[in-house]
Amino acid sequence: MSAASDSSRHNRQMDLDISDLGRPDTLRYNVLTFVINEEYDRALKALTEFISTESEYPDFASKNERYVGHATDLIYAIRTKRNFPGIQALTRTKQQELRDKFKEHFKELKVILRKIEHCMEELRISDAKTTRILIKSVWLALFVLFVAGVFVEFYQGMGATTAIVVEDLTEKAMNWFFS
């Protein structure tokens with residue numbers, strides 16, 4: 001049997017849609033593809049590399065560790081259900097139970113990987129919001145400094161000059177009026 005037909009057989013067996021895999025070169029795509037191709041060690045390695053990589057977000061590990069741990073457990077469960085020793089010796093109902101459990105674990109793995117992606121998106125959005133708040137705060141502080149500078153300049157520079165001019169005009173008007 002060719003690799004393409006073997007892969008399509010696995011896809012039918014798991015009721016897998018291509019959109020479930022996500023975009024190529026994402027964690028979800030890589031892990032699900034490895035699990036479909038029965039490359040469990042590569043899937044586990046991808047998960048451990050994902051969680052151990054240095055992230056630009058400080059809450060990255062704390063938010064994703066439990067999901068990665070659960071995904072790891074699911075991969076081990078899928079491996080056990082798929083490679084069950086003596087599966088041919090079991091009754092058809094027991095074999096169907098194993099297949100159903102395998103499908104259930106696979107669906108749960110898809111959900112967990114989506115949750116990891118959702119956490120990453122939340123962290124990215126949170127970072128963008130924080131950056132936006134910081135930029136607004138800096139802009140507002142600079143604006144307040146500019147306005148304060150304008151007021152200080154007006155009252156110390158123009159204000160003093162205006163007071164001198166008004167005082168001089170008042171003095172001249174009073175002198176003219178009373179002379």
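These entries go through a helix, a residue and a pocket in turn.

Before starting, I noted that the model is predicted, that local features need pLDDT of at least 70 and side-chain atom pairs pLDDT 80 or more, while totals for chains, interfaces and linings use all residues. Residues are numbered from 1 along each chain as its sequence is written, and side-chain values use heavy atoms, with hydrogens and water left out.

Entry on α3. I looked up helix α3, residues 40-52; helices are DSSP runs of H or I, at least four residues, numbered from the N terminus. Its 13 residues reach 18 Å from first C-alpha to last, close to the 18 Å expected at 1.5 Å a residue (1.5 Å times one less than the number of residues). I found Y40, A43, L44, A46, L47 and F50 buried (under 20% relative accessible area, with exposed over 50%, using a 1.4 Å probe and protein chains only). Seen down the axis of α3, the buried residues fall within an arc of 155 degrees, so they line one face of the helix; the arc is taken from the directions from the helix axis to the C-beta atoms. The face turned away from the buried side carries the exposed residues D41, K45 and S52. The cover over the buried residues of α3 includes α2, α4 and α5.

Entry on N64. I placed N64 in helix α4. N64 counts as buried, at 0% relative accessibility. Leaving aside residues up to four places away in sequence, N64 touches F50, I51, I116, C119 and M120 (contact means heavy atoms within 4.5 Å).

Entry on the largest pocket. I checked which residues line the largest pocket, and F50, I116 and M120 are among them. A pocket is an open set of points on a 1 Å grid over the protein atoms alone, where a 1.4 Å probe fits, with protein on both sides within 12 Å along at least five of seven lines; lining residues have an atom within 4 Å of a point. The largest share of the lining, 5 residues, comes from α5.

Methods:
Helix = DSSP H or I, 4+ residues; strand = E, 2+ residues; numbered from the N terminus.
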